[in-house]
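Subject: Structure handover

Hello,

Here is the structure I promised. Please load it first, then read the notes below.

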Amino acid sequence: MHLNKIKVRFLPNFTVILSALFLLSPEILHAAWGLNMTPGATPISNEVYNMHMTSLYVVTAIGIAVFSVMFWSIFHHRKSKGAKPAKFSHSTTVEVIWTIIPFAIIVSLAIPATKLLAKMDDTSKSEITIKATGYQWKWKYDYINEDVTIYSNMASDSVDASQMNSGIDPNTADNYLRNTDTALVLPVGKKIRILTTANDVIHAWWVPDLGWQRDAIPGFINDNWTMINKVGVYRGQCAQICGKGHGYMPIVVKAVPEKEYQAWIEQTKVALNSKNSDSNKDFTLAELKAKGEGVYKANCLACHQANGQGIKGVFPAIDGSPLANLKENIPAHIHQVIYGKGIMPAFGEQLSDSDIASVVTFVRNNWGNKTGHVIQPKDVLAARKK
Amino acid sequence: MSTIAHADHDHHDHKPTGIKRWLFSTNHKDIGTMYLVFSLIMFFVGGSMAMIIRAELFQPGLQFVDPQFYNSMVTVHALVMIFGAVMPAGVGLANWMIPIMIGAPDMALPRMNNMSFWIMPFAFALLLGTLFMEGGGPASGWTMYPPLVLQTGKAFPYLIFAVHFLGISSIMGSINIIATVFNMRAPGMTLMRLPLFVWTWVITAFLLIASMPVLAGAVTMLLTDKYFGTSFFNAAGGGDPVLFQHIFWFFGHPEVYILALPAFGIISQIIPTFARKPLFGYASMVYATASIAILSFFVWGHHMFTVGLPITGELFFMYMTMLIAVPTGVKVFNWVATMWKGAMTFEAPMLFSIAFVILFTIGGFSGLMLGITPVDFQYHNTYFVVAHFHYVLLTGAVFALMASVYYWIPKWTGNMYDEKLAKIHFWLSTIFANILFFPQHFLGLAGMPRRIPDYSVQFTDFNMISSLGGFGYGISQLLFVYIVIKCVLGGKKATSQVWEGGRGLEWTLSSPPPYHSFTTPPKVTKTLMDY
Amino acid sequence: MASKDIYFVPESSKWPIVGSLALFTLFAGSAMLLNQSPNAKYVFIVGIAAVIYMFAGWFSNVIAESLAGKYNKQVDISFRMGMGWFILSEVMFFAAFFGALFYARVLSVPWLGGEGSGAVTHQFLWPAFKASWPMSVMPDSTNFTVYKDIVPAFGLPAVNTLILLLSGVTVTLSHWALKKAQRNYLNAWLAVTVALGGLFVYFQATEYHHAYTELSLKLNSGIFGSTFYLLTGFHGFHVTMGAVMLAVILLRSLKGHFTKNEHFAFEAVAWYWHFVDVVWLGLFIFVYWL
Ligand code: HEA
Ligand code: HEA
Ligand code: CUA
Ligand SMILES: [Cu+2]
């Protein structure tokens with residue numbers, strides 16, 4: 001089924017790319033085909049880009065020089081052309097020269113690199129601090145001093161399309177694998193400090209347009225900064241292998257004007273405060289199931305899979321699991337979702353009472369689990385208080 | 001009895017026969033052969049995993065394998081290729097050629113030699129067996145970073161012990177090589193007359209002895225962290241996950257030179273032969289190799305630029321890393337200078353060597369770019385890195401190994417290989433390898449991370465090209481196997497000299513050489529080694 | 001003898017492959033034990049037995065060849081090189097653990113306590129943690145055992161230091177005796193060395209017992225417990241191995257195996273013993289004392 005599409009899409013591009021290779025003009029290549037590093041959206045990312053281009057030109061020049069000599073020799077000093085081998089086997093002068101020249105080249109690259117590194121290292125005088133925490137497999141952002149915390153999962157159309165043989169063309173998903181449900185909103189023109197850390201395993205926070213990536217290490221915090229110049233949406237993803245969902249940990253940064261940023265902060269605060277406003281409401285089974293399916297997709301599916309079967313030996317099946325079926329296990333089930341267990345993370349902080357109630361209800365009434373149990377937000381609230 | 005004493009007074013070869021010849025062998029050539037065959041098998045095993053990787057990456061979306069299994073393919077592919085294919089191939093060549101090149105009857109410690117081989121299949125049984133276990137194989141990347149690796153299921157202790165086991169094998173192998181080279185040289189075979197292949201291997205052996213035990217220590221700490229409650233890599237107990245990375249890369253970077261140095265040695269043998277001209281700058285080659293080896297212990301941090309080292313550390317590692325380009329450059333320039341004003345012919349070994357010089361250098365160039373810390377913040381963990389290390393590993397180390405097989409197989413079997421087919425194999429390999437890995441530079445620069453089973457759609461085209469190149473390269477290797485088997489079975493008889501430009505002791509022995517290479521030590525004079 | 005002029009290449013031998021298989025069984029058995037697989041014990045025990053069988057068989061082969069006079073000077077040099085480089089590899093193995101110790105003391109613990117680049121780490125993640133070494137209070141001791149006290153350097157460890165240093169002297173004395181062909185002194189000094197080795201292991205065990213039961217200093221007492229037990233534990237293991245090897249040498253010596261010119265096995269074990277000794281000095285200084 002895919003074959004036709006591949007041919008159509010692939011063949012013309014192939015020829016174009018090959019000819020583009022010969023053009024070797026980085027700007028054109030970048031614009032047209034994504035062949036090169038992005039100059040990015042910050043002063044630093046521009047400098048990084050320039051450093052990259054400088055080193056690329058330097059090595060290309062060395063390559064051309066060395067290989068030309070070699071090919072000249074290959075064409076002229078061949079036996080079939082009657083070449084007679086010379087006898088020489090060393091020359092101190094030449095050897096000294098070709099030790100010193102590369103050394104000089106390296107020094108000339110190292111100096112600007114040192115300066116750039118020092119600049120990137122200096123996080124002083126920043127105006128806003130964000131703490132980015134990697135989880136398997138999502139990001140949490142704390143706006144320090146603002147008392148705002150958001151979680152950022154992969155957008156659900158990407159989740160759907162990325163399932164094994166989903167039958168959904170990835171081209172139809174909005175920014176496939178590089179889109180989130182909640183973006184990290186930042187103001188332009190401000191020095192922003194970004195602290196990276198992790199909750200479980202090592203992740204890495206990377207948005208190419210900002211010019212750097214940094215590991216997020218559990219138990220330690222790394223200190224970085226950025227200053228975005230252009231309003232826009234910048235996408236990236238987790239860059240350090242972090243298990244099964246490593247490919248599914250997108251990062252979206254939305255850079256907006258200062259005013260809009262302030263408005264967004266206020267709005268988010270309000271939304272966060274009302275997060276648990278429905279804790280005392282009661283819902284029907286159908287309502288809970290419908291909501292729970294979305295929560296499941298965003299939070300549980302990565303491990304326990306769409307079919308609830310998990311992965312043998314790593315993540316247990318929930319379909320048919322006693323914890324998700326027996327009535328006496330309801331409290332334990334809620335407890336495990338709130339507080340986690342072993343590799344399974346705790347969801348109590350990021351999910352509201354109604355989220356947890358609905359996902360537990362969903363799990364207990366889906367696939368082969370047909371318990372009819374209905375868990376209400378107040379049950380969760382009660383479990384939290386204990 | 002097959003002691004030399006015996007062989008001395010009747011010159012017939014007294015080989016043990018049947019299966020025992022192989023299981024119980026103490027003969028450097030038989031052990032070398034076993035190593036080489038094993039590594040070829042492993043190359044196919046690791047290659048098949050690479051084919052699964054490339055098949056999954058052919059298009060966006062998940063088509064064939066689950067992400068967890070994908071990760072374990074990446075992990076095991078790397079471990080198999082590095083520890084199962086390239087390293088044993090190097091040791092196999094060392095076994096076959098070092099005693100012959102230095103005029104010794106055999107390796108210094110023949111029984112230990114056999115054990116270092118037989119450990120390999122058993123160690124890989126431990127490792128590959130995990131793929132069939134509950135929870136699947138190790139899936140944390142070959143670098144085994146905690147805490148992720150600690151989430152491995154039943155495979156975990158097998159992974160750790162397989163690494164220990166392989167370490168034991170390498171250490172025994174290296175001790176043997178060092179003892180052989182320093183103790184078994186024929187009279188007149190002074191150190192500065194040693195063929196470069198021997199030199200590079202001695203230095204490699206030192207790297208192995210100094211680095212493998214460190215890896216063993218690192219994985220031991222993983223084991224105790226997982227099962228015995230220690231907290232080396234856990235901040236809650238005062239440790240640091242990054243500590244593992246320091247220890248791992250203290251091993252890991254010398255390791256990549258363990259793969260590369262023997263390849264340098266091979267190239268330094270082949271180019272003079274086909275240029276019919278002595279190697280340019282012999283002494284500087286030796287010193288450059290030694291410098292690379294020493295420097296390789298001080299650059300490990302370049303794999304960890306993004307973990308948040310203090311800036312002084314980052315600068316130190318950046319400078320050291322860039323410095324390695326100098327001695328490596330000396331080697332490249334010396335090879336070119338050896339070709340200069342030679343009388344070259346272009347049989348398969350030479351073709352592969354020329355491709356090596358070009359493609360390895362390209363890999364070295366991207367290495368130098370990676371070494372620039374602030375820019376590595378953009379390159380790190382992308383396909384740019386994947387492209388870099390496949391250029392130095394596949395079109396570097398593996399191409400050199402291919403060259404060495406064509407170069408020495410007439411000596412090993414007594415038959416010439418099929419030159420025409422070998423040339424076809426060369427062109428197919430070179431073209432496909434570049435289609436396979438060159439586009440990965442672009443993918444990396446455009447922002448595609450490594451170790452992901454699925455990618456956003458803008459990366460599709462280059463991934464397709466890369467996969468097609470991969471399939472092409474893989475299939476071409478079947479031709480290699482065919483050529484090797486054909487040559488073993490028969491063919492034009494090879495002379496002792498084999499190559500017109502061949503110099504050194506190996507070309508004074510018959511093809512194939514007698515069972516015990518030099519029963520009486522040859523006298524080595526300058527003219528024997530030189531042109 | 002013709003064979004003395006020529007490098008001895010042994011005929012084919014089954015020991016290498018037996019050894020590989022034995023180690024395979026041992027590793028598989030250990031992995032199964034850790035995975036709590038059924039029957040793991042048996043695989044493990046078979047593995048141990050096979051390894052012992054291999055060592056015994058292999059070495060008796062070597063000893064027989066040596067006694068038969070098949071090894072010339074050159075073979076002897078190969079053996080020496082082999083042992084020397086093997087010891088270097090052991091040094092590097094310990095280096096990894098010493099590296100971990102220094103890293104924890106100089107870098108990770110101070111960082112967690114807010115020094116150097118650890119300021120933010122400390123501020124946001126471990127505000128209550130105070131760096132110190134020995135580190136009695138961990139950043140988060142939920143899953144760890146907080147210990148009451150550490151083992152003081154100038155108690156049993158100091159005694160053990162003396163014991164090992166002394167044993168280094170006695171093994172040298174016995175070597176001198178061997179070179180002067182004074183058999184009785186050789187055996188006597190060797191026996192003293194073995195006894196000192198045994199005593200060291202005994203004291204070490206006592207100290208562990210004390211630490212575990214009374215000080216509640218355990219493997220899981222944070223990074224201090226981790227480095228303490230892995231360093232001293234691997235060292236203790238090496239001492240045990242060394243003492244066993246010394247005992248074997250003693251038995252062989254009692255059988256009259258070594259001559260004043262040919263006694264490579266003796267020297268190899270003596271080197272090993274000195275190596276173990278030097279490692280201990282490092283341990284005593286950096287683990288117990290400073
Ligand atoms: C055979 C193996 C091999 C070899 C030889 C090399 C050689 C080099 N490597 Fe590579 N490397 C790997 C195998 C190898 N590498 C692997 C496997 C990884 C990834 C591991 C993982 O994460 O899984 C890796 C990763 C890696 C990184 C980490 C990237 C990252 O993860 O972000 C870096 C960074 O500095 C690096 C640098 C270098 C350098 C500077 C060299 C130098 O030695 C290259 C020197 C050579 C030249 C420069 C060309 C010839 C020189 C001249 C013609 C002279 C003139 C040149 C100049 C003045 C520039 N390598
Ligand atoms: C010496 C080392 C070596 C060698 C030779 C290779 C060879 C190859 N490698 Fe590998 N590779 C590594 C070392 C090596 N690799 C390492 C260290 C990593 C990093 C792992 C990590 O991230 O942890 C890696 C990672 C890696 C990746 C990145 C995966 C990821 O990050 O997600 C990819 C992707 O393309 C890849 C591809 C290939 C391919 C196509 C080959 C080909 O050259 C293989 C060709 C060989 C064959 C194909 C076998 C022979 C032929 C057959 C079996 C016949 C059948 C053929 C067909 C069905 C077509 N490798
Ligand atoms: Cu998180 Cu990769
Ligand atoms: Cu490196």
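Buried, in these notes, means under 20% relative accessible area. Thr268(A) has a relative accessible area of 12%, so it counts as buried. Please keep in mind throughout that this is a predicted model.

Thr268(A) sits in helix α6 of chain A, which covers residues 258–273. A polar atom of its side chain is 2.6 Å from the backbone oxygen of Trp264(A).

Now chain B, starting with the record. UniProt, in an unreviewed entry, puts the feature "domain: Cytochrome oxidase subunit I profile" at residues 22–525 of chain B. That span is 68% helix and 0% strand.

Ligand 1 and its iron

Which protein residue donates to the iron atom of ligand 1? His388(B) does, through NE2, at 2.2 Å. It is the single protein donor there. His388(B) belongs to helix α14 of chain B, residues 383–413.

The shell around ligand 1 holds 32 residues. The closest are Trp142(B), Tyr257(B), Asp376(B), His380(B) and His388(B). The shell draws on chains A and B, so the site is shared between chains. By class, 19 of its residues are nonpolar, eleven are polar and two are charged.

Four helices of chain B each give at least two residues to this shell: α8 (241–275), α11 (325–339), α12 (348–370) and α14. The largest share comes from α12(B), with seven residues.

- Trp142(B): a polar side-chain atom is 2.8 Å from an oxygen atom of the ligand.
- Arg450(B): an N or O atom of the side chain is 2.8 Å from an oxygen atom of the ligand.
- His302(B): an N or O atom of the side chain is 3.5 Å from an oxygen atom of the ligand.

The copper ion

His302(B) turns up again at the copper ion (ligand 4). The protein donors of this ion are His253(B) through ND1, His302(B) through NE2 and His303(B) through NE2. They lie 1.8 to 2.1 Å from the copper. Along the chain, the donors follow the spacing H-x48-H-H.

Is His302(B) buried or exposed? Its relative accessibility is 14%, so it counts as buried.

Ligand 2 and its iron

The iron atom of ligand 2 is coordinated by His77(B) and His390(B). Both use NE2, at 2.0 Å. His77(B) is in helix α4 of chain B, residues 67–102, and His390(B) is in helix α14 of chain B, so the pair ties together parts that are 313 residues apart in sequence. Both histidines, His77(B) and His390(B), are buried.

What geometry does the site of the iron atom of ligand 2 have? It is octahedral, with six donor atoms and angles of 87 to 179° among them. For reference, ideal angles for six octahedral donors are 90 or 180 degrees.

Around ligand 2 there are 35 residues. The closest are Arg54(B), Tyr70(B), His77(B), His390(B) and Arg451(B). The shell divides into 25 nonpolar, seven polar and three charged residues.

Five helices of chain B each supply at least two residues here: α3 (28–56), α4, α14, α15 (419–445) and α16 (460–489). The most come from α3(B), with eight.

- His390(B): a polar side-chain atom is 2.8 Å from a nitrogen atom of ligand 2.
- Tyr383(B): an N or O atom of the side chain is 3.3 Å from an oxygen atom of ligand 2.
- Gln440(B): an N or O atom of the side chain is 3.4 Å from an oxygen atom of ligand 2.

One more residue

Ser429(B) is in helix α15 of chain B. Its relative accessible area is 1%, so it is buried. The C-alpha atoms of Ser429(B) and Phe399(B) are 8.9 Å apart, with the two residues 30 apart along the chain.

Best wishes

Definitions and conventions
Residues are numbered from 1 along each chain as its sequence is written. Chains are lettered from A and ligands numbered from 1 in the order in which they are written. This is a predicted model: local features need pLDDT of at least 70, side-chain atom pairs count only at pLDDT 80 or more; totals for chains, interfaces and linings use all residues. Side-chain values use heavy atoms; hydrogens and water are left out. Donors are N, O and S atoms within 2.8 Å of the metal (3.2 Å for Na, K and Ca); water is not among the atoms, so sites may look incomplete. A residue is near a molecule or strand if one of its heavy atoms lies within 4 Å of it. A polar contact is a pair of N or O atoms within 3.5 Å; within protein, one must be able to donate a hydrogen and the other to accept it, and residues adjacent in sequence count only if both atoms are side-chain atoms. Ala, Val, Leu, Ile, Met, Phe, Trp, Tyr, Cys and Pro count as nonpolar, Asp, Glu, Lys and Arg as charged, and the others, Gly among them, as polar. Buried means under 20% relative accessible area, exposed over 50%, partly exposed in between (1.4 Å probe, protein chains only). UniProt positions are given in the numbering used here, feature names are shortened, and annotations may be inferred rather than shown by experiment. Four donors count as tetrahedral if all angles lie between 85 and 135 degrees; four count as square planar and six as octahedral if opposite donors are over 155 degrees apart and all others between 65 and 115; anything else is irregular.
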